[in-house]
Amino acid sequence: MSGKKYSEEHKILFYETDCTRRVTVGMLVNIMMLASQDQSNELGVTVKKVKGLGFGWVITQHLIEIKRMPQIYEKVNVITEAASYNRYFCYRDFWIKSEKGEELAKMHSVFVLMDQNKRKIARILPELIEPYSSEYTKKIERLPEPEKLSSDEQVRTKNYQVRFMDIDSNQHVNNVHYFDWMMDALPSNFLLNHSLKKMNIKYKQEVHYGDTVESRSYIDEKDQEIKTIHQIKTEQDLCCTASCEWLKNN
């Protein structure tokens, strides 16, 4: 048994793309998350309702696979399904397809419910999950961890100051900004000549307004395999890790 599926059309706008005229990975995730929010609104599980109960949804991990990045002004179909849940974790799937039905990208995401006062993970409330008709399971998914940076050798770093407009309604940095920080730490020549194919990103600690974050990246090219490994750190914490697989453009 699976949950209710939801789909909507989306036209790729110029501000969702970079100089290659392709969607950025951060905007790709934004587009998918918009479909998730639109489904929640349709089912009556609005942000206002969740906040009114003293909670907020927080993402802990994304697994992303990309066959082709959508291009500027392309029309795509965004599909999402709240597939399953247990006492503490919700699992949601996303797909982006072309007008002809070609699968361009897919994503598997893990959500938790955060108590806004205690800043701790809370048990999933029935009234917040039942409208999706998701399957209940006792199992906790054991998703792969992103690869780790093994040394400081050849690690590229960039620092960023967290701005007021980077903060979302949960009072911490919106998850999509992590993608921009990670990609921006890579050389422009690398980004122009490679296409992202897979990304495993895991969030560990919140980043707040006024923090200075350090984006650390490492490029590993061995035997036709091209990988990048990423960390987002504040002075106190390791906040986010990711590993990516790339293909060299023809």
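1. The structure holds 10 salt bridges, a salt bridge being a side-chain nitrogen of Lys or Arg within 4 Å of a carboxyl oxygen of Asp or Glu. One of them joins the side chains of Arg68 and Glu102 at 3.8 Å, N to O. This pair links distant parts of the chain, 34 residues apart, with Arg68 in the loop between E2 and E3 and Glu102 in the loop between E4 and strand E5 (103-115).

2. The model is predicted, so that local features need pLDDT of at least 70 and side-chain atom pairs count only at pLDDT 80 or more, whereas totals for chains, interfaces and linings use all residues. Residues are numbered from 1 along each chain as its sequence is written, and side-chain values use heavy atoms, with hydrogens and water left out.

3. The largest pocket holds about 740 Å³ of space and is lined by 34 residues, with Met33, Gln37, Trp57, Ile59 and Phe111 nearest its centre. (On a 1 Å grid over the protein atoms alone, a pocket is an open set of points where a 1.4 Å probe fits, with protein on both sides within 12 Å along at least five of seven lines; lining residues have an atom within 4 Å of a point.) Helix H1 gives the largest share of the lining, 7 residues.

4. Phe14, Tyr15 and Tyr73 form a nonpolar surface patch with about 390 Å² of accessible area together (Shrake-Rupley method, 1.4 Å probe; patch residues have over 30% relative accessible area and no salt bridge, nonpolar side chains being joined within 5 Å).

5. The chain has 5 helices and 12 strands (DSSP runs of at least four and at least two residues, respectively), and its C-alpha atoms fill a box of roughly 50 × 50 × 35 Å along the principal axes.

Methods:
Patches are made of residues with over 30% relative accessible area and no salt bridge: like charges are joined within 9 Å, nonpolar side chains (Val, Leu, Ile, Met, Phe, Trp, Tyr) within 5 Å. Grid points are joined across faces, edges and corners, and a volume is the space filled by probe spheres set on the points.
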